[in-house]
Amino acid sequence: MTSKGSMAHLHFTQQLARFLDVPTVDVAAPRLRAALDAAFVQHPRLRGYVLDEQGALRANVVIFIDGVRCSERRALDDALLPDSQVYILQALSGG
């Protein structure tokens, strides 16, 4: 069993929260894809806002892990550390 202290913390920003009630989700996962999949089990409607039909990040979604933008938008295989802070946000457009 994993202690709460060794879980990644996924934060879904206000842009997503206006569509869904999205709390911070704590998951035990070694990689970003596994963490997102665990969050989607808890909140299934999130998947469509974050991933496209092929399972890649939507063009208007950006993810930062411990302050660094995720490096790969399809495999989403960025490593997570225990206690990683993951921020999932919709990029703002317009000018």
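1. Start with H11. If neighbours within four places in sequence are set aside, H11 is in contact with T24, Q85, V86, Y87 and I88. The residue itself lies in strand β1. One of these contacts has a polar part: the side chain of H11 makes a polar contact with the side chain of Q85, at 2.6 Å. Is H11 buried or exposed? Its relative accessibility is 17%, and buried means under 20%, so H11 counts as buried.

2. The model is predicted, and what follows should be read as a description of that model. The protein has 3 helices and 5 strands. Read from the N terminus, the order of elements is β-α-β-α-α-β-β-β. Of the 95 residues in the protein, 38% are buried. The accessible surface comes to about 5,600 Å², and carbon and sulfur atoms account for 54% of that surface.

3. Next, the sheet. In what order do the 5 strands stand in the open sheet? The order is β2-β1-β5-β3-β4, and the pairing is mixed. The strands β2 and β4 (68-69) are at the edges; each has a single partner strand, so one side of each has no neighbour in the sheet. Helix α2 packs on the sheet and touches β1, β2, β3 and β5. The direction of α2 makes about 125 degrees with that of β2. As a general point, strands of a sheet pair through backbone hydrogen bonds, either parallel or antiparallel.

4. Strand β3 deserves a separate look. It runs antiparallel to β5, and 5 bridges join the two. Within this pair, F64 stands opposite Y87 of β5. Strand β3 also runs antiparallel to β4, to which 2 bridges join it. Here I65 has V68 in β4 as its bridge partner. The strands β3 and β4 form a hairpin with 2 residues between them. In the turn, D66 has a positive phi of about 50 degrees. Why is β3 described as largely enclosed by the rest of the structure? The reason is that 4 of its 5 residues are buried.

5. The nonpolar core comes next. The largest one has 24 residues, and those with the most contacts inside it are L10, F12, I63 and I88. Two or more residues each come from β1, β2 (25-27), α2 (32-42), α3 (46-50), β3 (61-65) and β5 (85-90). Helix α2 gives the largest share, 5 residues. In soluble globular proteins, nonpolar side chains tend to be buried together.

6. Beyond its neighbours within four places in sequence, I63 is in contact with L32, L36, L57, V68, R69, C70, V86, Y87 and I88. On the scale of the protein, take the contacts between residues at least 6 apart in sequence: 50% of them join residues at least 24 apart.

7. Last, T13. This residue is in the loop between β1 (8-12) and α1 (14-17). Its relative accessibility is 16%, so T13 counts as buried, under the 20% limit used for that word. Residues up to four places away in sequence not counted, T13 touches I88, L89 and Q90. I88 is also listed among the contacts of H11 and among those of I63.

Key. Residues numbered from 1 in each chain as written. Predicted model: local features only at pLDDT ≥ 70, side-chain atom pairs only at ≥ 80, totals over all residues. Heavy atoms only, no water. Buried < 20%, exposed > 50% of the residue type's maximum accessible area, 1.4 Å probe, protein only. Contact = heavy atoms within 4.5 Å. Areas by Shrake-Rupley, 256 points an atom, 1.4 Å probe, with all protein chains shown as cover. Core = buried A, V, L, I, M, F, W, Y, C linked by side-chain atoms within 4.5 Å. Polar contact = N/O pair within 3.5 Å; in protein donor to acceptor, adjacent residues only side chain to side chain. Pairing = 2+ DSSP bridges. Axes fitted to C-alpha atoms, helices over the stretch in contact; angles between N-to-C directions.
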